[in-house]
Every structure is written in structure tokens, then in C-alpha cells.
Amino acid sequence: GAIAGLAETPGLYHYAPKEHALERRAESTQDLFTRLMQDFPPGAFLAGLSSVHWREAWKYGERAFRYCQHDVGHAIGSIRLAAATLGWEMLLLDGVSDATITSLLGLNRAADFEGAEQEHPDCLLALWPAGPAGRESAGSKRIPLFLDPDIVGEQARQLWYGKANKLSRGHSVSWDLIDEVVKASWKSSVDYAFVGCDDTPPEKAAPVFSDGTRDPLAADRPQPALAGRIIRQRRSAVSFDGKTAIPVRRFFQMLDRVLPRAERPVRQRPMPWDAIPWDPAIHLVLFVHRVEGLKPGLYVLIRDQSTEALLKQVVQGQFEWTTPPDCPHDLPLFLLQEGDVRHVASQVSCGQDIAGDSCFSLGMIAEFEAGLREHGPWFYRRLFWETGLIGQVLYLEAEAAGVRGTGIGCFFDDPVHQVFGLTGYAFQSLYHFTIGGPVEDTRLTTLAPYSRQ
């Protein structure tokens, strides 16, 4: 929409991160913008994400597709968290077709991409200010998960500006499999679905432990004034010291933050899980090494307890399935097997020491086959987005706890499944993560942030 100091009329902008600036891509009219956003809360705007697969493929080859999907999830998390610090709400518009996203963002404008790498449509996000004004006008109104394709078509016929930059002088290798997966996971359908509008999710009480006490660390959680500092200092660890341990209650707190509370309506789930409108499909299998007050070994965190029976049925092997001592009653964490699992954690992570030198590492396993059968092949990408969102939360939780995390993109899928007794395609490991005491790389330099105008 029109923003004072930016433009007097609505329009489409491209965010240029190096310049930390907006580049106007397309004109719009107030009437057109009003019709496009008429079913959304007042003050809402849209943000779109797209991927250039070559940006990863030149280095990672066929893995590039899933790495881009992880990054989409991280970006969704970053935007949702940034919105929350400003008192804004966000929702991923999961009913929109990829063709609609392509048209709205101008990704099908051949002249604008001549000589440059093609961008692939990922998702659209709706953002709007929360608070009394938003609730008063929205009331019990529902928010659409789709856009009117006809109105988007009108917008695509407006005046456009700009041309995409070329990333590489040449592409020596063509990764045809990426194009095949893009085609196979394309979302061609428009789902005319809605979710209830609720700008005031209920506050969650501090976890209650088996001894009847509440988590004393709950008061230590960063307040909004500290969120900016935690977000800005966030870095990916490159190495761990193999010594640092974290208290068990801090560990429980980290895991609690990745729970979407699936029993609640979408808009009443804790932030950032109120942004994705599907039921959680990702669970965590953990290699615990250095957590004070917790036995080392293999664990599993079931993020949606309705899946517990299925997971226990699918997992093959003599596992304990016991609740750790002092574990909060509402934290579905189970000990599978006690023991030193540092070596196996590194082995299944392509021999990377970061998986064993940490406090703990984990694999994110997806409810794979059932999700694809229920929704369609396009849901494959959503599974990776959810893992990326989990990773973004873990990054910030690690920083808040005084340690550091990093994603692990390289791991051996089948050995991971074997370690945890997973067979078939009911569950598949999609992403790994690890948290521990970082070893600083003195070769890296931190520069001053963007200046504030």
C-alpha cells in the first residue's frame, strides 16, 4: 500500500539486501490494491519469497533444491520473528497456487530475466498490525489462505520496472534433477481455505516439573527489548569445543519452544507456529551428549502427540520409551536408548565433528508418505519449510542460552533411519541441527551494521 516517505501509490518492491533498500518493481492503483487485500485485516501487506536454485546448485549440485527449501523455512521464521518484535502478525498463504505467486511477483516476465537465472516461486506471506484496532475490525473474521487469481492477473498487467541480475557468467553443469523436482512439486491447485483471525494467542504458563515447581528459567527468557540483540548476534557455529554442557532445564526450555501446541487452532498457537496453517509434520530425534542432569543417549521429541502411537508402531527395535526425570508434563520427550552416541552422531552427519562435539544434535524427521498422499507432491516443499522454521527457533534459543547452533545439511539419510529403527517411507529425515559451546573462528570479521537514517 501507499506509505508516507516511500510512495503515494501502492506497488510491488524487491528487497535488495546489500543496499538494505527497496527497489520498485511494479505499479498498482489504490482500487486494485484495495480489492486484492479486501479480506485481510486493516493495514495488511504481502511479502513474497522466491528462490534461485543456481545460487546453491553451483556448489551443492542436486542437494541445492532442498537447501533452498530449508532457507525458505529460515526466512519464514526470520520474518515472523521480526514482525513479532514490531507487534505485527503474519500468516503464510498456503492456498495460493505457484502460478499465482509467479504472476504476482513477475517471475514469468521473460524480458526481465533475459540472461539471468530464473527465480522459482516459493510462498506468499500476509502481515498486519495487531492490537485493539485490528481486533475491533477483524472480530471473528476469517483470513483467506488464497488470493483472487483474476485480481492478480490485473495486477500483472500494470507498469513494471527493472531487470534481474545475472549471478554467474556461465553454467558449466546442468543439474536436470532439480528441474524434475521443481516440476513434480509444483502447486497447481488453488485452495479456497480460511483460518480464524485471533490476534491474542493465550499466554503459556511456565512448564511444570514433576516435583510441582515451575521452570525458574522462564523468567530468564529474553524480553522484547533484548530480542533485537539476540537476533543480531546470531551466528552459525563452525566448530564446537567438545566440553561445554547446558543445564537440563535450559534443554527442556529449548525443546518447549519448538512445540506448536497442535491441539490449538492455528492462530492460537505460540509464535512463530501461528504463521504456518498446516498441522505439524516434523518431529525430532536427538543425540544427547552433554546436558547436565540428563543421561546421554538417543531421544525423541514428538511435536504432535497425536502421532505418538504411529511413531511407536513404525519404530523397530528394543527402545525404552521412558520419560526423563523432571521432564515437564507437557513436553513429549522420550528416552529411547542410554549411552555414548557422540561417534554415531558424527558418523551419520557425513563424519562432521560438530554433531558429536556439541551439547546435543538432532535430526528432523517428517511424517512423509501420509503427508504427500493427503496433500499432494507439492507438500514436499512445505516439509522442508517446517524444518527450516524449527532451525530458526533453535538458532535463537541457543544464543539466548549462551551457546550456539548450526544446521547440518549433509547427513546420511538411511543410516539415520537405521539408528532410530525407522523403516519404509512413513518417516524420513530431512534436516539436522546441532547446539554446543562454539569455538570462534578468528579469521572472521564482524562489520558495523547498516546505519540508521
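Working rule for my notes: two strands pair if DSSP finds at least two bridges between them. Helices (H or I, at least four residues) and strands (E, at least two) are DSSP runs, numbered from the N terminus.

The model is predicted: local features need pLDDT of at least 70, side-chain atom pairs count only at pLDDT 80 or more, and totals for chains, interfaces and linings use all residues. Residues are numbered from 1 along each chain as its sequence is written, and side-chain values use heavy atoms, with hydrogens and water left out.

I looked up the strand order and got 12-11-9-13-15-14, an open sheet of 6 strands with antiparallel pairing. Strand 12 (333-338) and strand 14 (404-408) are at the edges with a single partner strand each, so one side of each has no neighbour in the sheet. On average, neighbouring strands here are turned by 25° against each other, direction ignored. (Axes are lines fitted to C-alpha atoms, for helices over the stretch in contact; angles run from 0 to 180 degrees between N-to-C directions.)

**What packs on the sheet.** I then checked helix 9 (residues 248-257), which touches strand 9 (282-288), strand 11, strand 12, strand 13 (360-367) and strand 15 (427-436); contact means heavy atoms within 4.5 Å. Its direction makes about 160° with that of strand 9.

I picked out Y299, whose bridge partner in strand 12 is L335.

**Helices 12 and 13.** Helix 12 (residues 368-375) packs against helix 13 (residues 379-400) at about 130°, axes 9 Å apart. I noted F368, G371, L372 and H375 of helix 12 meeting F379, Y380 and L383 of helix 13.
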